[in-house]
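Thanks, everyone. I will keep this short and stay with what can be computed from the coordinates.

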Amino acid sequence: MKFLAKYLLVLLAMMAFSDDVLAQVGQWRDIHKVKRKETMYSIARDYGITVDELVKANPEMASPDYVLKKGTFICIPYPTPQVVVDTATVTPPSPQPVKPQRTDMRDRAIRVGVMLPLHTINGDGRRMIEYYRGVLMACDSLKQNNISVDIHAWNVAENSDIRTFLTDEAAQMDLIIGPLYSKMMAPLSEFAQKNDIRVLIPFSINAPEVAQNPLLFQVYQSPTDFNRSTIDRFLQQFRDCHPVIIDCADSTSTKGSFTSALRKRLDEEAIEYALTSLTTSEQRFVQNFSMAKRNVVILNSEHQKELRKGLSKLTGMLVDNPELEVTLFGYTDWMLYTHRNLKDFYKLDVHIPAAFYFDANSPKTKRLEQKYRWNFHADMMNSLPRFAITGFDHAYFFLRGLHMYGKHFTGAAGMVGYPPVQTPLVFERKGNGGLENKNIMFIHYTPEKRIETIKF
């Protein structure tokens, strides 16, 4: 505000007095009043200048806490003069079009293309708009670290032919984020391989191309891979415990594949376990539990109804048998029910495997939510995970990695050193093909009424 007040005084003096004052303020091309939904990127683009030039003209923008607000007055500088080459001494260019050489992205702005459904027609579009806004927020934050981004976006709806977007402009991208739909993966993968473009597949789709194309990064593991990774970590965390698998008689559950794979591994490693059900009598039910070891309990349903039955059965058993030690192992789906079951989650020492964790009380989360409101005049959707924070984490991780390592960036553990707000990323190569995010953590609801993340 001090800067603005000072400038307005100079401007008034210019209008009323001397040519000397005119000379002082003549360095600015215009004064712009910020409109709703405008960003530093859009303002710079509209005036034909770079964001760096805009920030240099308005030093307060360089502050990490700076927020562009509607009604703010900012200075618009003249664009930096370009070097003019004396054409009289230059050989005329060939009439044949020449494809520009791709320079090292570590020495220039990173070119990013977003190919997602960016519309308000349905839920897919609205969710991806929020994700894209998170990407823009990450670009804005990275500016403070002198990482420049040239971002392009295409509205690639479900009924679109993605090949119509794979143009010469798209061929110049360093990174493409998308697609959302499996049917678009094959042509995009082929295009990316032809033009040496990294592709970030941000959400769970069927993408067999990842096994063949080394330029593809898939954030979500397939259900089979996720189960395998979860079981590996389960055995690491609970090897000395006594597993108890409970049948919930839920015909609509999708978790039978997990418990079947878990039982197979337990058999292979000669680890004894018990099988029981929610309908078993209380007397017979407790006989499946060990008095000598901690018991780790696994339900074969992700649904709230069966979860409530299981919580009731287990808490009732512990009232009558307080000497038993019990840990309940769950599913990512249960995070949707946390607010309804938090007391029992603490009591039963619940562990939930997940690729993300939304911590509403984290200062980082609160800061991003506030900046989202300031920038877009809306709250984030009440979803798990938060799409804007997902976009922020993805973009910040990848853009920082590409800035540091260029084409050599693989997203491996420790390469970037970015502490995620919600979505950790640790990529491993899938054979000779692309890379898959292998991060899984356990969200632990402790008996001391804390929520912690166990990282592997």
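First, the conventions. This is a predicted model, in which local features need pLDDT of at least 70 and side-chain atom pairs count only at pLDDT 80 or more, while totals for chains, interfaces and linings use all residues. Residues are numbered from 1 along each chain as its sequence is written, and side-chain values use heavy atoms, with hydrogens and water left out.

Salt bridges, then. The term here means a side-chain nitrogen of Lys or Arg within 4 Å of a carboxyl oxygen of Asp or Glu. By that rule the structure holds 21 of them.

Take Arg 294 and Asp 349, whose side chains meet in a salt bridge at 3.8 Å, N to O. This pair links distant parts of the chain, 55 residues apart. Arg 294 sits in the loop between helix H9 (282–286) and strand E10 (295–299), and Asp 349 in the loop between helix H11 (338–347) and strand E12 (351–354). Helices (H or I, at least four residues) and strands (E, at least two) are DSSP runs, numbered from the N terminus.

Is Asp 349 buried or exposed? At 9% relative accessibility, Asp 349 counts as buried, and Arg 294, at 28%, is partly exposed. The cut-offs are under 20% relative accessible area for buried, over 50% for exposed, and partly exposed in between, with a 1.4 Å probe and protein chains only. The areas themselves come from the Shrake-Rupley method.

Next, Arg 163 forms a salt bridge with Asp 161, with 3.0 Å between the closest N and O atoms. Arg 163 counts as exposed at 57%, whereas Asp 161 is partly exposed at 34%.

Glu 452 and Arg 450 also meet through their side chains, at 3.8 Å, N to O. Both partners are partly exposed: Glu 452 at 30%, Arg 450 at 44%.

There is also a network of salt bridges, which links Asp 225, Arg 228, Lys 430, Glu 436 and Lys 438.

Now the strands. E1 and E2 run antiparallel and are joined by five bridges; strands pair if DSSP finds at least two bridges between them. Lys 33 has Phe 73 as its bridge partner in E2. Strand E2 covers residues 73–77, and four of its five residues are buried, so the strand is largely enclosed by the rest of the structure.

Which residues form the positive surface patch? They are Lys 33, Arg 36, Lys 37 and Lys 70. Patches are made of residues with over 30% relative accessible area and no salt bridge, with like charges joined within 9 Å and nonpolar side chains (Val, Leu, Ile, Met, Phe, Trp, Tyr) within 5 Å. Lys and Arg count as positive, Asp and Glu as negative, and His and the chain ends are not counted. Arg 36 is in the loop between strand E1 (28–33) and helix H3 (40–46), and is partly exposed at 47%.

Last, the two distances. Glu 60 lies in the loop between helix H4 (51–57) and E2 and is partly exposed at 27%. Glu 60 and Ile 74 are 14 residues apart in sequence and 10.0 Å apart in space, C-alpha to C-alpha. Leu 368, in helix H12 (residues 363–376), is buried at 8%.

Notes. Accessible areas come from the Shrake-Rupley method with a 1.4 Å probe; for residues, only the protein chains shown count as cover. The place of a charge is taken as NZ of Lys, CZ of Arg, CG of Asp or CD of Glu.
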